[in-house]
Amino acid sequence: MAPSSLDVVLKGSSGRNTRGLLRVIILCTIAAAAVSSRLFSVIRFESIIHEFDPWFNFRATKYLIENGFYSFWDWFDDRTWHPLGRVTGGTLYPGLMVTSGVIYHILRLLTIPVDIRNICVMLAPGFSGLTALAMYLLTSEMSDSPSAGLLAAAFMGITPGYISRSVAGSYDNEAIAIFLLVFTFYLWIKAVKNGSIMWGALTALFYGYMVSAWGGYVFITNLIPLHVFVLLCMGRYSTRVYISYTTWYALGTLGSMQIPFVGFLPIRNSDHMSALGVFGLIQLVAFAEFIRGYLPGKQFQKLLTSMVLLTFGLGFGGLVLLSISGVIAPWSGRFYSLWDTGYAKIHIPIIASVSEHQPTAWPAFFFDLNFLIWLFPAGVFMCFQKLKDEHVFVVIYSVLASYFAGVMVRLMLTLTPIVCVAAALALSCILDNFLVASTPSTETKAKATTDDKSLRSTRNPVVGIYSWFSKSVVVASVTLYLLLFVAHCTWVTSNAYSSPSVVLASKLPDGSQFIIDDYREAYYWLRQNTPDNAKIMSWWDYGYQIGGMADRPTLVDNNTWNNTHIATVGKAMSSREEVSYPILRQHDVDYVLVVFGGLLGYSGDDLNKFLWMVRIAEGIWPDEVKERDYFTARGEYRVDEEATPAMKNSLMYKMSYHNFQSLFPAGQAMDRVRNTKLPKESPQLNTLEEAFTSENWIVRLYKVKDLDNLGRDHSNAVAFDKGLKRKRATKHKGPRVLRTE
Amino acid sequence: MRWCLALLICCFLAAVNALSSSGSRLLAILEDTEQKDLYSTLWADLEARGYDVSIESSKSEQLALFKLGERAYDHLLIFPPKSKGLGPSLTPKHIVDFMNKDGNILLALSGKSATSSAISSLLLELDIHLSNDRSQVVVDHFNYDTLSAAEKHDVLVLQRPGPLRSDVKAFFDGEGVLALPRVAPQTLGDSALLSPILKAPATAYSYNPKEGTPAPEDILATGSQLNIISAMQARNSARFTVLGSVESLEDKWFSASVKTPSGKKTPTVNREFAKQLTAWAFKETGVLKVDKVEHRLITEGAELNPSIYRIKNETIYSIEISEYVYDKWVPFELPGDDALQLEFTMLSPFHRLNLEPVERTDSSTVFSTQFVTPDQHGIFSFRVNYKRPFLTAIEEKLEVTNRHFAHDEYPRSWAITGGWVWIAGLWSVIGGFLAFVVVWLYSAPVADKLKKTQ
């Protein structure tokens, strides 16, 4: 009786219910898998915020929790960018912090006291579960096959391209932004399909949320108008498109303008002009459609061409005029660097100095997406076959995102969703065909042969795929690929993307794990041993961490809004002490922090970033700092005996190697990062004194000396303290200087 | 802030114990303690003013400037040694450390014999220079004492010095003449911490009596470039005074009478001048103290010393300063055409304003000014940096944050008359749309009825 009882469950209305239930269970499992695969770092290390930017987000969230929403909105942060301060409330995307704040308060309301740190750590995995669900919804809109959505959700849940930005502790804007991106696109497709104001308004709502969460909202702002524009060009204008687009544009723009950081950008910035242009265009097209109903064809053609020419001329002229007069902001540097990968290196070294802004290496695509990357073109091709409005969207998205992902490593993140959609479409098509397809009846075969309109290759009856053998081979190989994919994703996540980078792990020769915790050691030293408002100068990479972990004011941080101020720090680091000291005094610097990996072989240290400091400083003071001076005559970047005088006298070099030689037998000091032997003598520091050096010498802190009490040079004062006798100027050169009162 | 408080408490404690504002323990270093009787009037005068004088030989074994890392004495009076140095416990390093810990030093030199090299190198650290052979004497053929130095002309007879400049207070002026026998001259470097107390007259020059007339290129300085008494105030206001003629402190010269070539016989005022000089050197005069610094919004009942202001806030700043004169704190008065200035700075001053005296208490003057915070947000500081010759330094720095306008601090839209056009436009569109909707909803379709009747 087993088959019949199974029939009861699988067929008819109860069959639909069963499948629905199964789908829900599968989706829940996928979401759980997505969450749990992101927990490697919590299990291996601890519940800790990762990397750099998340530390700022975490600090901002704590401020929000402590002071409430309105003071967060008006927050003037006087502990960063000393002495300029930062209007933080108006220069951040508050979506992330507000989201975790709301979650925190809801949990409190339910009398579940959870530490805000744990909410922040777990936010990204939690939202990745939601992303998987949103992915299911989006893909289900593209395909009739129920398996496509589930496959896409599963891909999205574990693909490393997305995991790289959403492991537990990676508390960054992208943590919630990718969910919002996918969900906004789902709502947009829904709106275009139904032509409903409600779906359009929902799209605008989630678009507004997205704007509040991530600067990458510009991608949506340009993709949706492009979709509409392409539809119009294809002659697919319909009231559905008109209703959904106008609703989205009007409400979405108003919504986005509510974010203080965005403000009037949507109507003044070139990046947003395409949305405005398409909005105008669609009005004209709608008007033309309306007129067409009342005019005979010939007159209408004339009217249309003249109208098109006129509006194009007017619009283009107006845009040029407004751009020249400065009403519309010119394209930003970050935008240019999207088209010309060499642009940033020449004009904005600060953008180029960030590793995630570098062009993507080819293996990265396979590393992050595995077999999805070769299913992706197939999926796009299948969209061309159907080519309904929503498939046009997939095609456009794929083309744009592929290009951007090639330009910048970090934009791999925007490519990942569409790769999952396309790959799921392709794979579900294969699976459906090979699992479900039954041998066609002779009737349909006959029909197929008589149909002259179809391609010649399809005229012959297709029989090959109906055999049991071909089915099993295909299904087995697909299963194998899927299993390999899971193994690859787990391996990549565990090995590449689960390191907090605040705590470093290495293996000892006997295989046991060795934790290098120098950063936190140094930050806590600062926190416990310095006055509350001691100003710390460091290269901008560590600004957010110092603010978050040491709770001390910093000169520059990872919010690189002021290039000049960063260049000032670069100049102080790359100049001689005599030049640096006045800069340090002027900026009230109490401590200087450098990261030095020479003892341990930690390659991400400041001396390896030093050339960027020099380049950025050179951008502002080309006469005082010159990159060439830091290379030897043969063009080598050296730190050993043959280093150039500019290199040896720079503050960064001196701070890195101060006293380093004393660790080794005389003349044997080795730098393990640059693999060179160092000079015998340790460099002499006069204006700074060593305050703290962490266990593995990764973080070194120096205290800036006060002016000498007796008004001497620091070099003279240090020489006097060492007991050296000062040489008396016996012979005056030139005319004697008389003292006047 | 805590440091200031500690200093204040120190000052108060000191005021209770002694006359000097910074303690009463005075150590006099004499190489040969036998000679102390030569200066008996000086000791008596100092002890009468409340000093706790201990006289030690520089060769003494127990001599130590520091005890358990703290200063053992507050002031140091060093007489010129004949030997090469001052002994192992008074190396230049010890003396510099003593100054770094707020100790005051009065160093006497003598032109009678060569100055020791240790003292010369110590003075070099302070940018005070002696001649190369360290054994020169100042002579003046117009202002010498005809009674005691008719031949050698090396006992200078000079008026007491007036104010250094018109904007500097005079601490050493008065009637009468000084007799300064056998002065070892000093020249000063460019340092702003140095100031001359008594310069040689324009007609004076210096030479080495054992060598005769020097070659022109060996002459270090002449005339008023030579200093007889010079002073140095370190950045922590520790004082270092160099007196060129140790003999002028002797009892003999306290009560002597002198006669210049052109004048008549007059008694010297060396004793009064010694009081002025030691009083200044040991911080009985010219000591300034900041009692209180206040800043607040100008509105009534505003919070005192807030840590944050907004741009374009009207603020008021006041600072209360007293000056120590011999035995009490009195209200500080600015000399002549000097001004006490307040800077409101971020990297560079946005305001630099004169502080006006607005109120006087028994022991202090309140200087105050008000201004509007600049239209630039950032971390600013109220800074008073008052450093003048012979006055201890005032360096007050208070950090405050200048924030931007909060979202609800801008004027509302209806309060801006220029915005009325836009507001009218806005509401007319809304009203027009509502009217349109109403008309649309309630106008009955006429055409249908016509059809029906037909």
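Modeller: Let us begin with contact: two residues are in contact if their C-beta atoms, placed from the backbone, lie within 7 Å. The model is a predicted one. By that criterion, 16 residues of domain 1 of chain B are in contact with 15 residues of domain 2 of chain B.

Colleague: What is the overall make-up of chain A, in helices and strands?

Modeller: Chain A has 33 helices and 8 strands. Its C-alpha trace spans about 115 × 70 × 60 Å along the principal axes. Of the 741 residues in chain A, 41% are buried. Among contacts in chain A with a separation of 6 or more, 71% are between residues 24 or more positions apart.

Colleague: How is the packing of two helices to be described?

Modeller: In chain A, helix α7 (residues 146-158) packs with helix α22 (residues 412-436) at an angle of about 135°, the axes being 8 Å apart. The angle therefore makes α7(A) oblique to α22(A). Their crossing is right-handed.

Colleague: Which residues of α7(A) and α22(A) meet?

Modeller: From α7(A) they are A:Ser147, A:Ala148, A:Leu151, A:Ala152, A:Phe155 and A:Met156. Their partners in α22(A) include A:Pro417, A:Cys420, A:Leu427 and A:Asp432. By class, the contact of α7(A) with α22(A) has 13 nonpolar, 2 polar and 1 charged residues.

Colleague: At what angle do helix α20 of chain A and α22(A) pack?

Modeller: Helix α20 (residues 372-386) of chain A and α22(A) pack at about 75°, with axes 7 Å apart. Angles of 65 to 115 degrees count as roughly perpendicular, and α20(A) and α22(A) are therefore roughly perpendicular to each other. Residues of α20(A) in this contact include A:Leu372, A:Phe376, A:Gly379 and A:Cys383, while those of α22(A) include A:Val419, A:Ala422, A:Ala426 and A:Cys429. The contact of α20(A) with α22(A) has 17 nonpolar, 1 polar and no charged residues.

Colleague: Let us turn to the backbone. Which residues does a cis peptide bond join in chain A?

Modeller: Omega is the angle to inspect, and it is about 0° for the cis bond joining A:His82 and A:Pro83. A:Pro83 is located in the loop between α4 (53-73) and α5 (95-109) of chain A.

Colleague: Which residues of chain B have a positive phi although they are not glycine?

Modeller: B:His153 is one of them, with phi near 60°; B:Phe390 is another, at about 70°. B:His153 is in the loop between β8 (137-140) and β9 (155-159) of chain B. B:Phe390 is in the loop between β25 and β26 of chain B.

Colleague: Are B:His153 and B:Phe390 buried, partly exposed or exposed?

Modeller: The class follows from the number of C-beta neighbours, and 20 or more within 10 Å make a residue buried. B:Phe390 counts as buried because it has 20 such neighbours inside 10 Å. B:His153 has 19 and therefore counts as partly exposed.

Colleague: Why does B:Glu359 count as exposed?

Modeller: B:Glu359 counts as exposed because it has 12 C-beta neighbours inside 10 Å, and 12 or fewer is the cut-off for that class. B:Glu359 is in strand β23 (residues 348-360) of chain B. B:Glu359 and B:Pro331 are 28 residues apart in sequence, with 9.7 Å between their C-alpha atoms.

Notes
Residues are numbered from 1 along each chain as its sequence is written. Chains are lettered from A and ligands numbered from 1 in the order in which they are written. This is a predicted model: local features need pLDDT of at least 70, side-chain atom pairs count only at pLDDT 80 or more; totals for chains, interfaces and linings use all residues. Axes are lines fitted to C-alpha atoms, for helices over the stretch in contact, and angles run from 0 to 180 degrees between N-to-C directions. Helices (H or I, at least four residues) and strands (E, at least two) are DSSP runs, numbered from the N terminus. Angles under 35 degrees count as roughly parallel, over 145 as roughly antiparallel, 65 to 115 as roughly perpendicular and the rest as oblique. A crossing is left-handed if the near helix is turned anticlockwise from the far one by less than a right angle, and right-handed if clockwise. Ala, Val, Leu, Ile, Met, Phe, Trp, Tyr, Cys and Pro count as nonpolar, Asp, Glu, Lys and Arg as charged, and the others, Gly among them, as polar.
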